[in-house]
Amino acid sequence: MSDDNFERFKKCAVDVLSVDEAQIVPEATFESLDADSLDLVELVMALEEEFDVNVEEEELEGVNTIQAAFDLVTSKL
């Protein structure tokens, strides 16, 4: 896991989900962060812009942790 990419990912998550940076850890679930499906869509849009990638809606199926979302985004780099 690239620290630089994770820091960029974390900044997007903090901005979009309005959570404390300390809460953005790989094992955190979106449920534990009080993020609903709309929050996840907004996060993905921010991440697409930040990392210049495209994530299809179907790919979000089963993405329920910070690690899973980070892996999905970085797999496209």
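Val41 sits in helix H2, residues 37-51. Helices are DSSP runs of H or I, at least four residues, and strands are E runs of at least two, numbered from the N terminus. At 37% relative accessible area, Val41 is partly exposed. The cut-offs: buried is under 20%, exposed is over 50%, partly exposed is in between, with a 1.4 Å probe and protein chains only.

A word on the model. This is a predicted model, in which local features need pLDDT of at least 70 and side-chain atom pairs count only at pLDDT 80 or more, while totals for chains, interfaces and linings use all residues. Residues are numbered from 1 along each chain as its sequence is written, and side-chain values use heavy atoms, without hydrogens and water. pLDDT is the predictor's confidence in each residue, from 0 to 100. The chain averages 95, and 99% of the residues score at least 70. Confidence is highest in helix H1, residues 3-17, at a mean of 97, and lowest in H2, at 95.

Now the inside. Which residues have the most contacts in the largest nonpolar core? Phe9, Leu17, Phe30 and Ile66, in a core of 25 residues. H1, H2 and helix H3 (66-74) each supply at least two residues of this core. A core is a set of buried Ala, Val, Leu, Ile, Met, Phe, Trp, Tyr and Cys residues joined through side-chain atoms within 4.5 Å. Take Leu17. Beyond its neighbours within four places in sequence, Leu17 touches Phe30, Leu33, Ala35, Asp39 and Leu43. Contact means heavy atoms within 4.5 Å.

Is Lys10 buried or exposed? Lys10 counts as buried, at 13% relative accessibility. Outside four places in sequence, its contacts are Glu21 and Ile24. Glu21 is in the loop between H1 and H2 and is partly exposed, at 45%.

On to salt bridges: a side-chain nitrogen of Lys or Arg within 4 Å of a carboxyl oxygen of Asp or Glu. The count is 4. One of them pairs Glu50 with Arg8, closest N and O atoms 2.8 Å apart. Glu50 is in H2 and Arg8 in H1, so this pair ties together parts 42 residues apart in sequence. Another joins Glu59 and Lys76, at 2.8 Å, N to O. Glu59 is in the loop between H2 and H3, Lys76 in the segment after H3, so parts 17 residues apart are tied together. Asp15 and Lys11 also pair, at 3.1 Å. Those two are 4 residues apart in H1, about one helical turn.

Last, backbone. Most residues other than glycine have a negative phi. Which residues go the other way? Asp34 has a positive phi, near 60 degrees, and Asp52 has one near 55 degrees. Asp34 is in the loop between H1 and H2, exposed at 69%. Asp52 is in the loop between H2 and H3, exposed at 70%.
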